[in-house]
Amino acid sequence: MSQYQAVKGTRDIFPEEATQWKYVEAIVHTLASLYGFSEIRIPIFEYTELFQRGIGSTTDIVGKEMFSFQPDPKGRSLTLRPEMTAGVMRATLQKNLLSSAPVHKLYYIGELFRKERPQAGRQRQFSQFGAELIGVSSPAAVSEVITLMMHVFESLGVTGLKLRINTLGDTADRARYREALQAYFAPFHEILDDASKERLEKNPLRILDSKNPALEELVAGAPRLYDYLNDSSLRDFEKVCFYLAERNIAYHIDHRLVRGLDYYSHTAFEVTSSELGAQDAIGGGGRYDGLARELGNSSDVPASGFAAGMERLLITMEKQGLFAALQPFGPLVYIVVQQQDLTDHALQIAWRLRKGGIKTEIDLATRSMKAQMREANRIRASYALFIGTAEYATGNYTLKNLATSEQKTLSLDAVLQILHEPAAKKLLDL
Ligand code: AMP
């Protein structure tokens, strides 16, 4: 036992689970490209200001959740990325991508870091996949990103998800609504908790996000943003709903959904999973036309995107038995060596099989034949290839199908030939 433990809020992903990750990632890559999104990979840390400006100063992430550090006494503060959108927008603006084409569709899979109190479904290092559609903002654009996200979940066979959507209107709508909220909450100042008191000044919309049960009734009676929308904002939202309905994507309108980030406008959405506990959000996003200007761009850059949590998706899939059909991760062939002095020859055979494209495993601990066979079964090898003195002398090897126990003695070329698909399948079927 090592005296060291993984840091609380982080976790190791061992091979069997890594197979599940690769499967989910493969679906993300395939579907993102189907919808015309290209992959972007950005640094894991950025200058702290990017997130302070980018996320806005009243969000939890900036308030208390960032892992920031100073690399040298005179250096600028750096922060491990707590979200991807600000970094992707920073990269887009820095590279001046919009001058080459008006619209950029980018997706990513990567790790994020938040200094939240770890609990089930909430880690300090976690992964997201997501997409950002930058350069155009419209009901069509935002419904593209929602559709892509839901398509990923659907392709993976996930059920029991609930998509909630809302509109945050435009800046003018929100300004009027903000005033209405302040007027509504002001008489109750005394019963608000500290976080809500602070939000009342800076961003009263976020009080609606409060998870404090003591405020539930008060929040439920608050005015709805929906009633402060102008005609164009209303039409915009109706169009998003129309697109979702056209695509058979079930949704619920949730007037209290405001999302944690300040730069959102118009559509916001969140997906929750019935398989998860208190931390049941599996993905979310919205339109964030105002972010580029917050990052110092001279004008708004219309954009929308989503981010989904890999760990929570994997927990949901595991609970729903969606990994049961995944291929075993063990090798196809396990070389079983009869006696120790044949090991060098066996290693050479293993190398030739691998060069021939055959997944091969061999015992490097020179254990007994019985132990080697046990190992072959443990790692779920499909075949055992026996190497004994007779095989060594003749150059013909015994290949045993471990599922059917059928065996054949063959030259190495014949072994290679037979193990190649679809021949391998045929032998399995014999
Ligand atoms: P957010 O960027 O906060 O909108 O989060 C998007 C998704 O990332 C959420 O719906 C979760 O699935 C996932 N997520 C957010 N924070 C965490 C965390 N601390 N640990 C694990 N997953 C998280």
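**Helices, strands and domains**

Modeller: Let's begin with a pair of helices: helix 1 and helix 6 cross in a right-handed way (a crossing is right-handed if the near helix is turned clockwise from the far one by less than a right angle, and left-handed if anticlockwise). This is a predicted model, where local features need pLDDT of at least 70, side-chain atom pairs count only at pLDDT 80 or more, and totals for chains, interfaces and linings use all residues. Residues are numbered from 1 along each chain as its sequence is written, and side-chain values use heavy atoms, with hydrogens and water left out.

Biologist: What counts as a helix or a strand here?
Modeller: Both are DSSP runs numbered from the N terminus: helices are H or I with at least four residues, strands are E with at least two.

Biologist: At what angle do helix 1 and helix 6 pack?
Modeller: Helix 1 (residues 15–34) packs against helix 6 (residues 139–155) at about 140°, and their axes are 10 Å apart. That angle makes helix 1 oblique to helix 6. Angles under 35 degrees count as roughly parallel, over 145 as roughly antiparallel, 65 to 115 as roughly perpendicular and the rest as oblique. The axes are lines fitted to C-alpha atoms over the stretch in contact, and angles run from 0 to 180 degrees between N-to-C directions.

Biologist: Which residues meet there?
Modeller: From helix 1, Ile 27, Val 28, Leu 31 and Ala 32 meet Leu 148, His 151, Val 152 and Ser 155 of helix 6 (contact means heavy atoms within 4.5 Å).

Biologist: New topic: how many residues of strand 14 are buried?
Modeller: In strand 14 (residues 383–387), 5 of the 5 residues are buried, so the strand is largely enclosed by the rest of the structure. Buried means under 20% relative accessible area, exposed over 50%, and partly exposed in between, with a 1.4 Å probe and protein chains only. Tyr 383, Leu 385 and Ile 387 cover one side, with Ala 384 and Phe 386 on the other.

Biologist: And which strands pair with strand 14?
Modeller: Strand 12 (residues 333–337) pairs with strand 14 in the parallel sense over 5 bridges, and Val 337 stands opposite Ile 387. Strand 15 (residues 396–401) runs antiparallel to strand 14, joined by 4 bridges, and there Phe 386 faces Thr 398. Two strands pair if DSSP finds at least two bridges between them.

Biologist: Last one: how far apart are the centres of domain 1 and domain 2?
Modeller: Their C-alpha centres lie 47 Å apart. Domain 1 covers 15–170 + 230–324 and domain 2 covers 329–429, with bounds from an automatic or database domain assignment.
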